[in-house]
Amino acid sequence: MAGPVLAASFTDPASKISFTLPAGWKVRSVVQEGVRVIKVVPPKADQRERAAIEVTLQEYKAGRKDAPERLLRRYRQADGDREAALYARLNSHTGRLVTEYREGRFVSGRLWIVRHNLHVFLPTPGKRLLEARCAANASEFKTYRHQMEAICLSATSLRKP
């Protein structure tokens, strides 16, 4: 998408997750396995289909395996169809971990697709973890990178401890 992207701040009233919402993108909130998941959808169906864009934000009770240092070590190593992170940075002051990696998967039977992911983890009050994941087919990721970064990198929790 060419030109500047107009965006606004959005806060989900139920989960208290706040993030930057690019112009034209829509928000849907669902509950999956007892966790409220916010799905952010691009403006046109053809964009969503072609790039297979998936943007999700959720906050949940963090376990030992969710400690930022452990997540950093895990994403720096390849695991199954996921490559080692192209980028993995941990802010030791805030505990925020930003990772970028590629993973492959079969779709439609025999078609192998490589997905490019921007994954952000942020510890929040009450020993919880905010997870923001933006993914698209690797061939299309660059096209939507700025909008997805606006969402995932701005995600924060306004929940009180």
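This is a predicted model: local features need pLDDT of at least 70, side-chain atom pairs count only at pLDDT 80 or more; totals for chains, interfaces and linings use all residues.
Is phenylalanine 121 buried or exposed? I looked it up: Phe121 is buried, with a relative accessible area of 4%. My cut-offs: buried is under 20% relative accessible area, exposed is over 50%, and partly exposed is in between, with a 1.4 Å probe and protein chains only.

Residues are numbered from 1 along each chain as its sequence is written, and side-chain values use heavy atoms, with hydrogens and water left out.

Next I searched the whole structure for aromatic pairs and got 3. Rings of Phe, Tyr and Trp (its six-membered ring) pair if their centres lie within 6.5 Å; planes under 30 degrees apart are stacked, over 60 edge-to-face, the rest tilted.

One of them is Tyr75 with Tyr101, tilted, at 5.2 Å centre to centre and 40° between the planes. It links distant parts of the chain, 26 residues apart: Tyr75 is in helix α2 (68-75) and Tyr101 in strand β7 (97-107). Helices (H or I, at least four residues) and strands (E, at least two) are DSSP runs numbered from the N terminus.

I checked burial too: Tyr75 is buried at 10%, and Tyr101 is buried at 3%.

Tyr75 also pairs with Phe121: the centres are 5.7 Å apart and the planes at 45°, so I logged this pair as tilted. Phe121 lies in strand β8 (111-124), 46 residues from Tyr75. Tyr75, Tyr101 and Phe121 form one aromatic cluster.
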